[in-house]
4 protein chains.
Amino acid sequence: MPEDSRKRAARRLAIARGHLESIRLSLDKDDVYCVDVLRQIKAVQGALDGAATVILRGHLEAHVATAATRGDEKERVDELMEVLKYV
Amino acid sequence: MPEDSRKRAARRLAIARGHLESIRLSLDKDDVYCVDVLRQIKAVQGALDGAATVILRGHLEAHVATAATRGDEKERVDELMEVLKYV
Amino acid sequence: MPEDSRKRAARRLAIARGHLESIRLSLDKDDVYCVDVLRQIKAVQGALDGAATVILRGHLEAHVATAATRGDEKERVDELMEVLKYV
Amino acid sequence: MPEDSRKRAARRLAIARGHLESIRLSLDKDDVYCVDVLRQIKAVQGALDGAATVILRGHLEAHVATAATRGDEKERVDELMEVLKYV
């Protein structure tokens with residue numbers, strides 16, 4: 001993976017992890033409100049989407065857009081179609 | 001939030017946080033493969049969806065299904081419609 | 001379903017159907033551009049989401065928020081949790 | 001768009017349109033059940049996802065995997081990242 005993508009994605013994941021830990025701690029209090037927790041979880045999912053977007057763009061540039069120059073178009077497209085279900 | 005929902009959701013969030021940390025560490029290696037990281041991020045998102053499902057069910061049981069007995073149907077439905085965009 | 005929800009949802013579905021037909025016709029031309037078709041399909045999905053939102057709100061008001069007054073909380077919550085996977 | 005993709009996508013859109021019309025007609029009856037309509041709408045969205053998947057694969061094969069041979073990698077990747085928000 002391109003170094004720039006790795007660093008940017010790692011930074012986003014570190015933020016998401018911190019946020020996740022604070023949500024988990026908030027669940028220790030018995031008066032935490034369900035709807036607030038749902039909103040917080042959604043914010044973490046947005047951060048993970050952001051990290052995935054960074055990685056996907058690096059992947060497209062480094063591996064997919066160049067596929068025909070290496071002759072592995074079929075492998076790269078099959079793999080991408082499968083992974084897009086995961087993004 | 002019902003205690004059982006809180007405990008179950010907290011457990012899932014703890015697992016998601018551990019998984020997230022291991023993904024972040026994998027990004028330190030320059031030969032990590034983009035597609036593997038995308039799959040791992042998706043797995044964490046699935047775990048977060050699981051935590052949100054637990055919390056949402058507790059919320060529906062404790063606050064929404066009982067709304068007409070308290071007379072706050074409008075507030076609970078408006079709030080739920082808004083939060084469902086977040087689930 | 002409340003009459004107002006039915007009418008509003010039906011109107012949105014009629015619009016979505018018309019849009020869908022025009023996309024289908026555009027596929028008869030061999031120079032149609034993939035990315036344009038993907039955008040159009042997404043617009044139809046947005047219209048369907050809009051129809052589903054109208055119906056869901058009517059359902060919450062008419063059936064879920066009133067569940068405790070009838071004693072069918074468990075059935076309504078189970079059913080809603082299942083259908084939310086569909087929204 | 002490759003002819004095969006166009007024909008397969010058009011067939012799926014025709015099916016989705018027929019399904020959509022039957023849902024719309026079901027909304028004329030005042031005893032239609034909200035949850036059934038939500039399930040039907042979701043089925044149509046699944047059919048549209050199927051059509052989009054066919055088109056996206058054709059696009060990746062014809063335009064993205066070959067980008068480096070034409071030198072338009074940046075345009076194709078930017079466009080794809082934008083359209084993936086639409087799939």
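Modeller: Start with burial, where buried means under 20% relative accessible area, exposed over 50%, and partly exposed in between (1.4 Å probe, protein chains only). Arg76(A) has 17% relative accessibility, so Arg76(A) counts as buried. This is a predicted model, in which local features need pLDDT of at least 70, side-chain atom pairs count only at pLDDT 80 or more, and totals for chains, interfaces and linings use all residues. Residues are numbered from 1 along each chain as its sequence is written, chains are lettered from A and ligands numbered from 1 in the order in which they are written, and side-chain values use heavy atoms, with hydrogens and water left out.

Biologist: In which helix does Arg76(A) lie? And which residues does Arg76(A) touch, not counting residues up to four places away in sequence?

Modeller: Helices (H or I, at least four residues) and strands (E, at least two) are DSSP runs, numbered from the N terminus. Arg76(A) belongs to α4 of chain A, residues 73-84. Contact means heavy atoms within 4.5 Å. Leaving out residues up to four places away in sequence, Arg76(A) touches His63(A), Ala67(A), Arg70(A) and, from chain B, Tyr33(B).

Biologist: How do I read a salt bridge, and how many are there over all chains?

Modeller: The rule asks for a side-chain nitrogen of Lys or Arg within 4 Å of a carboxyl oxygen of Asp or Glu. Over all chains the count comes to 48. Take Glu79(B) and Arg76(B), whose side chains meet in a salt bridge at 3.1 Å, N to O. They are 3 residues apart in helix α4 of chain B, so about one helical turn separates them. Both Glu79(B) and Arg76(B) are buried.

Biologist: Are Arg76(D) and Glu79(D) buried or exposed?

Modeller: Arg76(D) is buried, and Glu79(D) is buried too. Their side chains form a salt bridge at 3.1 Å, N to O. Both sit in α4 of chain D (residues 73-84), 3 residues apart, about one turn of the helix. Salt bridges can also share partners: one network joins Arg57(A), Glu61(A), Lys74(D) and Asp78(D).

Biologist: What about Glu3(B) and Lys7(B): how far apart are they in helix α1 of chain B?

Modeller: Glu3(B) and Lys7(B) are 4 residues apart in that helix, so the separation is about one helical turn. Their side chains meet in a salt bridge at 3.0 Å, N to O. Glu3(B) is partly exposed, with a relative accessible area of 45%.

Biologist: Now the interface. How many residues does the contact take from chain B and chain A?

Modeller: Each chain supplies 42 residues. Buried area is the accessible area (1.4 Å probe) that two parts lose on being put together, summed over both. Between chain B and chain A this is about 4,000 Å², with carbon and sulfur atoms giving 70%.

Biologist: How many salt bridges and polar contacts are counted between chain B and chain A?

Modeller: There are 4 salt bridges between these chains. Glu82(B) and Arg39(A) meet in a salt bridge through their side chains (2.7 Å, N to O). A polar contact is a pair of N or O atoms within 3.5 Å; within protein, one must be able to donate a hydrogen and the other to accept it, and residues adjacent in sequence count only if both atoms are side-chain atoms. Chain B and chain A have 15 residue pairs in polar contact, both at pLDDT 80 or more. On chain B, α1 (3-26), α2 (34-64) and α4 (73-84) each supply at least two residues of the side that touches chain A. The most come from α2(B), with 17 residues.

Biologist: How does that side of chain B divide by class?

Modeller: Ala, Val, Leu, Ile, Met, Phe, Trp, Tyr, Cys and Pro count as nonpolar, Asp, Glu, Lys and Arg as charged, and the others, Gly among them, as polar. The side of chain B that touches chain A has 25 nonpolar, 3 polar and 14 charged residues.
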